Amino acid sequence: MNFFFFQGLDYKEKFVIMDNENRMKLVEGIGGGFLAASGLKKYVVRMEVIEKGEDVSVARTTVEYEIDENSGASASSMNTDTFVAIAEAVKKHLSHGGEEGN
């Protein structure tokens, strides 16, 4: 998949695993300006939904990355803010039964 961000950066990712039965997806960032701008050589995201009860699930996201030593980036500059925002939006959507405006 190709993504284009409002900053003019692109990001290409490859779905490595898409397991609907176990509710797990593994995606690898394979190119684009986002990786270079972030100073990354490699970016892998694993997303899981873990059922805890009839009406309760936990979303677990694991991010692995390899920093390009020549980029000047550091591990302290990486964060999960984007994933937290996505999880909160999904939670809000599901809590309101998908009704718009809630």
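The largest nonpolar core in this predicted model has six residues, namely Tyr11, Leu35, Leu40, Tyr43, Val45 and Phe83. A nonpolar core here is a set of buried Ala, Val, Leu, Ile, Met, Phe, Trp, Tyr and Cys residues joined through side-chain atoms within 4.5 Å; buried means under 20% relative accessible area, exposed over 50%, and partly exposed in between, with a 1.4 Å probe and protein chains only. The top contributor to this core is strand 4 (residues 40-51), with three residues. Leaving aside residues up to four places away in sequence, Tyr43 touches Tyr11, Val27, Glu28, Gly29, Leu35, Val63, Glu64, Tyr65 and Phe83, where a contact means heavy atoms within 4.5 Å.

A word on the ground rules. Residues are numbered from 1 along each chain as its sequence is written, and side-chain values use heavy atoms, with hydrogens and water left out. As the model is a predicted one, local features need pLDDT of at least 70 and side-chain atom pairs count only at pLDDT 80 or more, while totals for chains, interfaces and linings use all residues.

Overall, the protein chain has two helices and five strands, in the order β-β-β-α-β-β-α from the N terminus on. Both kinds of element are DSSP runs numbered from the N terminus: helices are H or I with at least four residues, strands are E with at least two. Of the chain's 102 residues, 16% count as buried. Among contacts between residues at least 6 apart in sequence, 25% join residues at least 24 apart.

Now for the strand pairing, which takes at least two DSSP bridges between two strands. Strand 2 (residues 10-19) and strand 3 (residues 24-31) run antiparallel and are joined by seven bridges. Their hairpin has four residues between the strands, and Arg23 takes a positive phi near 55° there. Glu13 sits in strand 2 and has Gly29 of strand 3 as its bridge partner. Lys41 is exposed, at 52% relative accessible area, whereas Glu66 is partly exposed, at 38%.

Glu48 shows up in two salt bridges: with Arg46 at 3.3 Å between the closest N and O atoms, and with Arg60 at 3.8 Å, N to O. The second pair links distant parts of the chain, as Arg60 is in strand 5 and Glu48 in strand 4, twelve residues apart. Through shared partners, Arg46, Glu48 and Arg60 end up in one network. Within it, Glu48 counts as buried at 15% relative accessibility, while Arg46 is partly exposed at 34% and Arg60 is partly exposed at 44%.

Conventions: Salt bridge = Lys/Arg side-chain N within 4 Å of Asp/Glu carboxyl O.
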